[in-house]
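Dear colleague,

I am handing over the structure below, together with notes on what was found in it. Please read the notes with the structure open beside them.

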Amino acid sequence: MKKLMGLIAAVLLFVGAVQAQDVTGDWQGTLHADRDLRIVFKITKDDGKLRAVGYSIDQGSSPMNATGVVLDGKDFKLAVPGVGGTYQGTLSADDNTITGTWAQGKPLPLVLVRATKETAWEIPAPPKPLKPMAADADPSFEVATIKPSDPNVPGDWFRVNGRNFSTHNITLMGMIKFAYGVHGKQVLNAPDWMDQDKYDVAAVPDGEGQPNDKQWKGMVKKLLLERFKMTFHTDQRELAVFAVTLAKDGPKDMAENTGGGSLPSLFFRGTPGGILLPAKNATVKDFTGLLQEVVLDKPVVDQTGLKGRYDFNLKWAPDDSQFGGRIPPPSEAPDAPPNLFTAVQEQIGLKIESTKAKVDVMVIDRVEKPTAN
């Protein structure tokens, strides 16, 4: 009987210890990258599921939504699709430390410590919204630096933070795609280095106010012409393209955005078995431009005739012809999302069809590696 009671007590202690494991709360730690970055994750539980929002507080106060937040025994993991990062670690016996690794290209150690009211780092308040720049303004970059990217710093991005524009690990071809809204196959006579050498750009516009999307792209165009000495002429060629048209009953589930604002929001997020694209304040041209620049392997032509700004969600499972082949393994789950072409038709009432069409092309006449800062 004593042995039985002892066994029962041991089982109860074990169950109590498992039940006591609680990862909700505020966690913080310092990531030692090219510079020290203080990282905070706020973890909550909603309907039995763990959720997390992250902050890199030395890089601003913008929240980063996490997905796949899981505590399995002592093993903890999450992903931050907005920056292409993942974190995996082990919860300590006292539930107050997670020792793990942050991976965003090159894996780096990151120890997270449960924060208390006294020890929690302050998350900076978001900056006050800037007044829009005058719509008829034609700004230039007042200050701009261009330098080769450090290959040891992971990630690649275009970023607008207030009036600060930056890129990291972006080629000249990537900048052309962003500024001119073209696919790489629409840029002809380009030397190899244009799609190989990667640059970091940091720039601030002249004038006052917050530039809109067109103004940011106009400033990048001027930067390419001035600092890369790029000249080109336009022509038309018949190319294999993807045409986006209205499906039979489309569009659908595309809510017209009436909240205003000058910039669209189009950021990919991971979702079980695929990719989620929540679009906010986006035109169809913004959407097709993103497909052309990041997802598909041919130019994308908008033939819908839709002119408004819309909010919609699109979820699909990419194949190896998308995202330059850098995709997660396909899911065999029965509830995995459909492929892109089916998803676009079923979820937002548009169609993507492969065809041929005459499109504008840029023929590079002259280009040089960037001038010194």
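Trp157 stands opposite His168 in E12, where strands (E, at least two residues) and helices (H or I, at least four residues) are DSSP runs numbered from the N terminus. This is a predicted model, in which local features need pLDDT of at least 70 and side-chain atom pairs count only at pLDDT 80 or more, while totals for chains, interfaces and linings use all residues. Residues are numbered from 1 along each chain as its sequence is written, and side-chain values use heavy atoms, with hydrogens and water left out.

Strand E11 (residues 157-161) pairs with E12 in the antiparallel sense over five bridges, and two strands are said to pair if DSSP finds at least two bridges between them. The hairpin of E11 and E12 has two residues between the strands, and Gly162 in this hairpin takes a positive phi near 65°. E12 also pairs with strand E14 (residues 198-205), again in the antiparallel sense and over five bridges, and in that pairing the bridge partner of Ile170 is Tyr199 in E14. Strand E12 (residues 164-171) is mostly covered, since six of its eight residues are buried; buried means under 20% relative accessible area, exposed means over 50%, and partly exposed lies in between (1.4 Å probe, protein chains only).

The 15 residues of helix H3 (residues 213-227) should span 21 Å at 1.5 Å a residue, and the end C-alpha atoms of H3 are 21 Å apart, which agrees; the expected span is 1.5 Å times one less than the number of residues. The buried residues of H3 are Gln215, Trp216, Met219, Val220, Leu223, Leu224 and Arg227. What covers these buried residues includes strand E10 (141-148), E11, E12, helix H2 (172-180) and E14.

Leu263 is found in the loop between E16 and strand E17 (265-266), and Leu263 is partly exposed, with a relative accessible area of 33%. Although Leu263 and Lys214 are 49 residues apart in sequence, their C-alpha atoms are 9.1 Å apart in space. Once its neighbours within four places in sequence are left aside, Leu263 is in contact with Gln210, Pro211, Asn212, Asp213, Trp216 and Asn281, where contact means heavy atoms within 4.5 Å.

**The sheet of nine strands**

An open sheet of nine strands has the order E4-E3-E2-E1-E9-E8-E7-E6-E5, with antiparallel pairing. Its edge strands are strand E4 (64-65) and strand E5 (67-72), each of which pairs on one side only.

Within this sheet, strand E6 (residues 75-80) and strand E7 (residues 85-91) pair over six bridges, and Ala79 stands opposite Thr86 in E7. E7 and E8 likewise pair over six bridges, with Ile98 in E8 as the bridge partner of Leu91. The hairpin that E7 and E8 form has five residues between them, and Asp95 in the turn has a positive phi of about 65°. Strand E8 (residues 97-104) and strand E9 (residues 106-114) pair in the antiparallel sense over eight bridges, and there Trp102 stands opposite Leu108 in E9.

**Backbone details in two loops**

Asp47 has a positive phi of about 55° although it is not a glycine, and Asp47 lies in the loop between strand E2 (36-46) and strand E3 (49-56). With a relative accessible area of 75%, Asp47 is exposed.

The loop between strand E15 (231-246) and strand E16 (255-256) holds Pro251, and a cis peptide bond, with omega about -5°, joins Gly250 and Pro251. Asp253 is also placed in the loop between E15 and E16, and its phi is near 55°, a positive value in a residue other than glycine. Asp253 counts as exposed, at 61% relative accessibility.

**The second largest pocket**

About 160 Å³ of space lies in the second largest pocket. Of the 10 residues that line this pocket, the closest to its centre are Gln21, Asp22, Lys45, Leu50 and Leu71. A pocket here is an open set of points, on a 1 Å grid over the protein atoms alone, where a 1.4 Å probe fits and with protein on both sides within 12 Å along at least five of seven lines, and lining residues have an atom within 4 Å of a point. Grid points are joined across faces, edges and corners, and the volume is the space filled by probe spheres set on the points.

With kind regards
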